[in-house]
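User: Please take a close look at the aromatic pairs here, and follow them into the helix packing next to them. Keep it brisk.

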Amino acid sequence: MDIQQKVQQAQSGDQQSFLLLMKHMEARLYRIASSIVKNKDDIIDAMQETIIKAYESLVTLREAAFFETWMIRILINECNAILLKRKRVIPFAEIRSSSTSSPAYEAIDIRQLVDQLEEDKRQLIILHYFQDIPLKQVADIMNISEGTAKTRLHRTRKLLARWLEDNEEGGRIYENK
């Protein structure tokens, strides 16, 4: 499928082309949303809002070649909005479960460590390593230069390595801000 051609057709009002584009992006958007928000209902909400916003503003996309990057950026913004709303409310079950377990005695995998990162660092790791998006495209999605993305990626990898060492030694995991 020629994505650029389908984008141009969709911008001209061809709804079938838009549907084909969404089918093409569906699995990737789902993986990205699930790695950010983790709750199935929130994933569905983020994807629905992303599709609606993309449909309503597709005519504003200047370069058809950047369609996928543009869609991922919309999705990340929607996921961030959901996370912001979620931060305001902490479910009682979450409070109870967090007090009964001790991270020093549990095995922590890399995904748990990534989840503890600041939002911009977490997104960088998720997009580049978990979703296999090239660093140049990740930089475009995050609206930063490729050099900045490389620097943040390097620093975040060092931070994660330090956390893994601390965890192996029974230390506490925290992020220096």
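**Aromatic pairs and a helix crossing**

Analyst: Phe-18 is buried, at 5% relative accessible area (buried is under 20%, exposed over 50%, partly exposed in between; 1.4 Å probe, protein chains only). The model is predicted: local features need pLDDT of at least 70, side-chain atom pairs need 80 or more, and totals for chains, interfaces and linings use all residues. Numbering starts from 1 along each chain as its sequence is written, and side-chain values use heavy atoms, without hydrogens or water.

The structure holds two aromatic pairs (ring centres within 6.5 Å, six-membered ring for Trp; planes under 30 degrees apart are stacked, over 60 edge-to-face, the rest tilted). Phe-18 and Tyr-55 pair edge-to-face, with centres 5.1 Å apart and planes at 65 degrees. Phe-18 sits in helix H2 (residues 15-36) and Tyr-55 in helix H3 (residues 40-57), so the pair ties together parts 37 residues apart in sequence. Helices here are DSSP runs (H or I) of at least four residues, numbered from the N terminus. Tyr-55 is partly exposed, at 44%.

Phe-67 and Trp-70 form a tilted pair: 6.1 Å between centres, 45 degrees between planes. Both lie in helix H4, three residues apart, about one turn.

Ile-72, Ile-76, Asn-80 and Leu-83 of H4 meet Glu-119, Arg-122, Gln-123 and Leu-127 of H7 (heavy atoms within 4.5 Å).

Terms used:
Helix = DSSP H or I, 4+ residues; strand = E, 2+ residues; numbered from the N terminus.
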